[in-house]
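Subject: Structure for you to look through

Hello,

Here is the structure I promised to pass on, together with some notes to read beside it. Please keep it open while you go through them.

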Amino acid sequence: MAELDIGKHCQIESCNLKDFLPFVCDSCHGVFCLDHRSRESHSCSEEPVKKDIQSVGGTKSYPCSFEDCKGKELLPVICPQCEKHFCLVHRHQDDHKCEKLEVQKPRMAATKELVQKIVESKDRSKSKGRRGAKNSATAAKVALMKLKLHAAGDKGLPQTERTYFQVYLPKGSKDSSQPMFFCSKWSVGKIVDYAASLASLKNNNNVLTAKKLRLCHPQTGDAFRMDDTLLSLLAHPETPLYNGGNVVLEYLDNDCTALEDVSDYVTQT
């Protein structure tokens with residue numbers, strides 16, 4: 001029966017001891033026995049390999065690669081761009097002045113600035129719109145008390161269904177405006193007909209080719225549809241009418257949907 005050849009001989013000539021569990025030197029990679037395993041005992045000629053990983057108190061640590069930084073981390077924190085170790089303070093590219101940090105191009109910076117200006121402009125427009133709506137609502141509340149004293153309308157309407165407006169009349173009318181009240185349940189078409197009768201205005205809305213008497217928004221100048229209800233206009237989410245506010249009556253061509261300049265009729269608040 002053949003003998004098993006287990007182990008290796010120590011490379012020290014004066015020893016040559018066969019060790020079943022030989023040791024391999026990390027520096028010179030030689031094979032040695034237990035007595036000659038240290039670098040000093042076998043007079044190792046190679047310099048020990050330096051490692052980035054340091055040991056502190058028996059625990060491995062990873063030193064920061066940033067200049068003059070003494071920070072260390074127990075776990076590796078590697079920059080995905082330059083692939084170097086850093087502490088938590090210097091882990092971002094900007095913080096450790098990464099050599100592979102991309103510099104923003106001037107054109108990109110200019111585009112970003114332009115986008116920011118557009119966003120700010122829209123924010124200011126929205127804010128201005130909200131302020132305008134708030135001012136209109138406040139002015140309407142103040143004017144409502146006066147309108148209730150002088151407004152003309154159907155006296156048989158319950159107070160809860162009355163909505164008051166200062167109605168600005170078409171250009172060339174005897175009066176520039178008149179205070180009136182209407183039923184909140186009426187359609188715009190009925191309001192136009194009733195206002196025309198109160199102000200003694202010519203009303204040819206039933207004539208196909210004639211200019212139509214239209215009710216318009218006091219701020220946007222848009223003409224309301226005849227089938228819109230007053231309740232829906234009072235509850236409009238963006239440009240509502242207000243009880244005590246203003247409306248404009250004017251003759252418009254059949255294909256016209258808004259006044260050319262609403263400021264000709266009523267001063268904006």
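Below is what was found, beginning with the whole chain and then turning to single residues.

Please bear in mind that this is a predicted model. If you take the contacts between residues at least 6 apart in sequence, 40% of them join residues at least 24 apart.

Leu21 lies in the loop between strand S2 (18–19) and strand S3 (23–24), and it counts as exposed because its relative accessible area is 67%, where the cut-off for exposed is over 50%.

Two residues deserve a look for their backbone angles. Most residues other than glycine have a negative phi. Glu83, however, has a positive phi, near 60 degrees, and Ser200, which is not a glycine either, has a positive phi of about 55 degrees. You will find Glu83 in the loop between strand S7 (72–73) and helix H1 (106–150), where its relative accessibility of 62% makes it exposed. Ser200 sits in the loop between helix H2 (188–198) and strand S10 (212–216), and it counts as exposed at 67% relative accessibility.

Best wishes

Key. Residues are numbered from 1 along each chain as its sequence is written. This is a predicted model: local features need pLDDT of at least 70, side-chain atom pairs count only at pLDDT 80 or more; totals for chains, interfaces and linings use all residues. Side-chain values use heavy atoms; hydrogens and water are left out. Contact means heavy atoms within 4.5 Å. Helices (H or I, at least four residues) and strands (E, at least two) are DSSP runs, numbered from the N terminus. Buried means under 20% relative accessible area, exposed over 50%, partly exposed in between (1.4 Å probe, protein chains only).
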